[in-house]
Each structure stands twice: as structure tokens, then as C-alpha cells.
Amino acid sequence: MIRRQPRRWLAPALGLALVAPMARAWGQELIAAPRPRRLPPPSAALLRSLQGFQDDLERLDRSLLPAAPEADGAGELQGAEPGRPDPSLPAPAATALPQEAEAVRIERRQRLSLAEALAVAVRNDPDLAAAVLGVREQQDLAGSARGRRWPELGLNLAGGFSQQRSYNQVWTDNAGLYPAGSPFLVRNQGWNVVQSNVGAAAARVELAWELLSPYRAAAIAEADDSLKASRQRYADRLRQLQLDVSIAYYGLQLADQLLRIRRAVVESDTVVRDQVAALQQVGLVPRLDRLRAEAALQQSRYRFEQAEALQLSRQRQLSNLINVPFDVSLRASDAVRLQPPWPLDLEQTIVRGWRDNPQLRALQAARDALLRQADRRAAELLPSLRLVATGGYGQGLITQPVIRLEGCCSAALIPQLLNQRSDWAAGLQLHWRFFDGGVTAGAVAASRSAAARTDQQLARERNAIRQRLEAAFHDHRAALRQIVAARASYSASREAFRDVRARYQLGLADYSDVADTVATLTGAMEGVAESTTLANVSYAQLLRELLPVPDRPDQPVALPLVLGGS
């Protein structure tokens, strides 16, 4: 791999890129015009450096030009519970907000393959966890709606205590209304005082059962369609997670490769600057050559700092996306490798992209739920038949501890009385609200308008999917052609390097020829890595719309890196 020994060959070899123009200028000053140009003898140190370069190119071939595509790895999790932490990379608590700087300081850097990164992301991703909870919420709501098929049974218990004190005075007696000696006779200006204490308790059982209810059937259908929509949103999040992690991982691979190359360029330009400065001190090169070497070194450092910042940014992007602990930063364990070419043509890709697409199916289920909502609201005006039954028992104790009679109201006064009662009732209840001033009709029309609006969203999403597939398809084809050109440039640069090395060893080429060839070879190395990354990213974008994924959180999750079953 190129990262093993960049200082052994690339620094001296690339350093010739700046020495060459100075060598030409120096030679033109020393050699008279009529005389033929004489090349300096080959440098033994440079020949040894070129031999090391040749040895490392063999390792470079296995990194940039793999013989076989990367194996189709897939992260598989039984159950795929986002809340179940990984032993090595558990997700931080959803509500965790560290207040100390030490809590977010990077203490550990861990390498992951793309398949491993996908497996950890499925466990840790907050958006996927939210989608799982959304499915569970809709499952509970659907179960609640189905519960209306069963009768309602309730129990009412009541109890209490009351006290009443009354005073009665006779203003006119009732003589003549009753015979003499009757207990109901009262005398004029008679009175009484009675205090009553009442304690009562009652229990009642109520039964209600909807025998005929259009509202219930529509509510159950609406809940089922909402559940389907939530499951499709979960499946779509799996697809999007696969794309997000793949793009972040491919970008990190490219950043690692560019950093290795640009670090070697900085080391090379540093050697050149030091050599030119030494030559200027003995008067062999002008000051201009040293300034040019210094400018080239600073430009190389600028590009190296860019590559280093890009690598750190891509590491944190992948770490935050996968939602690993705050003190862990992820690194890519795989080298840049090309995925196999996309196996379908454009028309097949579009058709398969529309088939069983979670985005489209979620919109379809949402539209059906709105139509069922309209049916449910319309059913409020339809008659419903319910079976109603009640039965109860109660008792009360009436105590009159204070009874004072002065010629009034002596009859039917009982110091203590126990009362018991029971009852039951059963029957059918018909409810029919046949007019409500247009309230229900307006709600039904609103639900149907919302369903029609969802149809337009479905059309827009269908066209957007096609546009994404077409753009990614053409980008992928273009990237494959770029890879062909980049590999051809790399192969030609390698052959040119062999030739110039031999010519330099025989004294037929100077420093400028070697330096130009090495510079071209370095650019070809970057071109192969960049074009390979572009091809992999466009492949992942195509795969995002066709990847088969489960729509239930309790099913195992496997996110392959390539399209299967084609």
C-alpha cells in the first residue's frame, strides 16, 4: 500500500518536479548555443530512490487496481432493535448532553469496515429508532381501534353520608280532618325537631355492545392504513441510512488516500527546497529558483492541510452519523475499491425503482388512510345499534337520633330504618344523527381533499425517484468511463516511468524528464482514487431506490453493498 513507505521513494522522486526547470536554466547558462547539450551523469542516490519507487508501485497496483471487486458484505442484526446497544460501540443516551470538555475529547479511534459501520448504524441511528417507535405507536392505535369490536363492561360504585335537621311549627291545626284520638292530629302552635343521618352505598354493572356500527369499521380500516404507512417509513429510513453511511464511508476512504499522497508531496517539496537552498548558497542556482521552490512547498502544505482537515471532518461525519460514544472517532479499515458495475439498464432501473418503493407505498397508505378517515366521518350520520344492559344493588341506613315532638307530627317517625334495593334493565339503543348542519359533510370533504393532495405528492415523488435514478445512472456510467481513462493514464504513467528510469540510467534523460513523469504518475494516482469514489457513490445512490428492506422492526435487517437478484 502507498501509505507504508511514502518517504522511501515519493519524496526524492517528486522533488525533481521543481529541480527540473532550474536544471534547464542552469544548463542553458553554462552551455554555449553552438555546442550540443551534455547531460550530467546519473545520480546513484536517485537511482536507488527510483528502484524503491518501482517496488512500491507493485503494492500500489493492489490498492488502486484490485483484481476483484469487494465482497458483498452485509450487516445483519436479528431483531434490529435500535435501543439494543453494541458491546463495543453503544449509542449515547438520547437525552445525554455532556457539560464537561473531557466527555467529548477523542480518546479512542476505531477502524470499521463498511459492512460493520452499517450494522452499528442500524442499532444506533436515532432516526431509525424514531421510525421504530412510530410503528409501535400505530400498532397500539390499530389495536385500540379493533377493541371496539368487543363489548364495553363497566362497574360503578357509589357511597356517601348525609345529615339533615328540620324544624316544623303548626300555624293552623288539623282538627276536623281526622277523628278524635288520631295520631295524625296536631294542635295549634305545636312543633317538632327531627335530625336524620343517612348512609348509602350502591353498585351498578353496565354493558354496552355495538352490534351495528359503520363508524367502527371505518376507524379500524383507517388505523390499519396508518400502520402500513408507518412501516413503509421505517423501511425507507433503512434505505436512506444505507445511502448516508455508504457516502460517508466512501468519502472517508478518499480523504485517507488523498492525505497519504499529499503528505508525500509535502515531504518531497521540502527536500527540493532544502536542495535548492544549498545550491544557491554555493552560487549554482539563482535566487529565483529558491523562491519558486519555496512557493511550491507552501502550496503543497496548503493542499496537505486541506486533505488533513477533510479527513478529520469525514471521520467525525461518519462517527456522528452512526451515533457512537462521544469519545470515539471512526476510521475506515477498507482501502478504496470499486464496486461491480450497475447490472441493470436505465429502463429496468426505473421500473424496479418504482416497484415496492417504500416512499411510494407510504404515500399510498397515507392516501388510503385519509379516504378511510372520510368514511369514518361520514359514518357519524349513519345509524348505529347498541345493546345496553345495566344491573345494580344499593342499600341505605337512615337514623334519626334527635326527635322532639310538641303536639306535632308524631306519626311515621322511625328512629332507625334500613333500606335495600336492586334493579336491572336491558334493551337496544339506536342512534341516528341524520342532520348536523353540514358539520360532518365539511369534514368528509376535507378528508377527501387531503387524499387528493396526497395523490399529487405521490406523483411528485414518483418523478423525483425517476430523476434521482436517471441522474445517478448517468453519473455512474460517466464515472466508469472516467475510471477507464484514469487507469489508462495510470498505466501509461507507469510505463513512462519505467522508460524514463532506464533512459536516465543510460544518460539519455535529465532530471526534468524524470520529474515530469513522476508528477504525472502522482496525478494519475489521485485520479484513480477520485473516479473510483464517484462510481461507488453513484452506485450507492442507485442502490438506495432498489434495495430490498424489511418493513417490520422485528424482522432481521441485512443491508448489502451491491444489488442482488438481478
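Predicted model: local features only at pLDDT ≥ 70, side-chain atom pairs only at ≥ 80, totals over all residues.
Local features were considered at pLDDT of at least 70 and side-chain atom pairs only at pLDDT 80 or more, whereas totals for chains, interfaces and linings use all residues. Residues are numbered from 1 along each chain as its sequence is written, and side-chain values use heavy atoms, with hydrogens and water left out.

The protein contains 10 helices and eight strands, which are DSSP runs numbered from the N terminus (helices H or I, at least four residues; strands E, at least two). Of its 566 residues, 41% are buried, where buried denotes under 20% relative accessible area, exposed over 50% and partly exposed the range in between, with a 1.4 Å probe and protein chains only. Among contacts (heavy atoms within 4.5 Å) with a separation of 6 or more, 87% are between residues 24 or more positions apart.

Four strands form an open sheet in the order S3-S4-S6-S7 with antiparallel pairing, strands being taken to pair if DSSP finds at least two bridges between them. From one strand to the next, the twist averages 15 degrees, with angles defined between N-to-C directions of axes fitted to C-alpha atoms and running from 0 to 180 degrees. The antiparallel pairing of S3 with S4 (residues 191–212) extends over 18 bridges, and within it leucine 153 stands opposite leucine 207 in S4.

In helix H7 (residues 346–354), the residues Leu346, Thr349, Ile350 and Gly353 are buried. Viewed down the axis of H7, the buried residues fall within an arc of 95 degrees and therefore line one face of the helix, the arc being that of the directions from the helix axis to the C-beta atoms. At the N-terminal end, H7 is capped by aspartate 345, a side-chain oxygen of which lies 3.4 Å from the backbone nitrogen of glutamate 347; just after H7, aspartate 356 adopts a positive phi of about 55 degrees.

Tyrosine 167 lies in strand S3 and tryptophan 191 in strand S4, 24 residues apart. Tryptophan 342 and tyrosine 539 form an edge-to-face pair, with 5.1 Å centre to centre and 75 degrees between the planes. Because tryptophan 342 lies in the loop between strand S5 (328–332) and H7, and tyrosine 539 in helix H10 (residues 511–546), this pair ties together parts that are 197 residues apart in sequence.

Serine 447, in helix H9 (residues 439–505), is buried with a relative accessible area of 1%. Not counting residues up to four places away in sequence, serine 447 touches Leu370, Gln373, Ala374 and Arg377. Glutamine 242, in helix H5 (residues 214–281), is likewise buried, with a relative accessible area of 1%; with the sequence exclusion of up to four places, the residues touched by glutamine 242 include Leu118, Ala540 and Pro560.

Terms used
Polar contact = N/O pair within 3.5 Å; in protein donor to acceptor, adjacent residues only side chain to side chain. Phe/Tyr/Trp six-rings, centres within 6.5 Å; stacked < 30°, edge-to-face > 60°.
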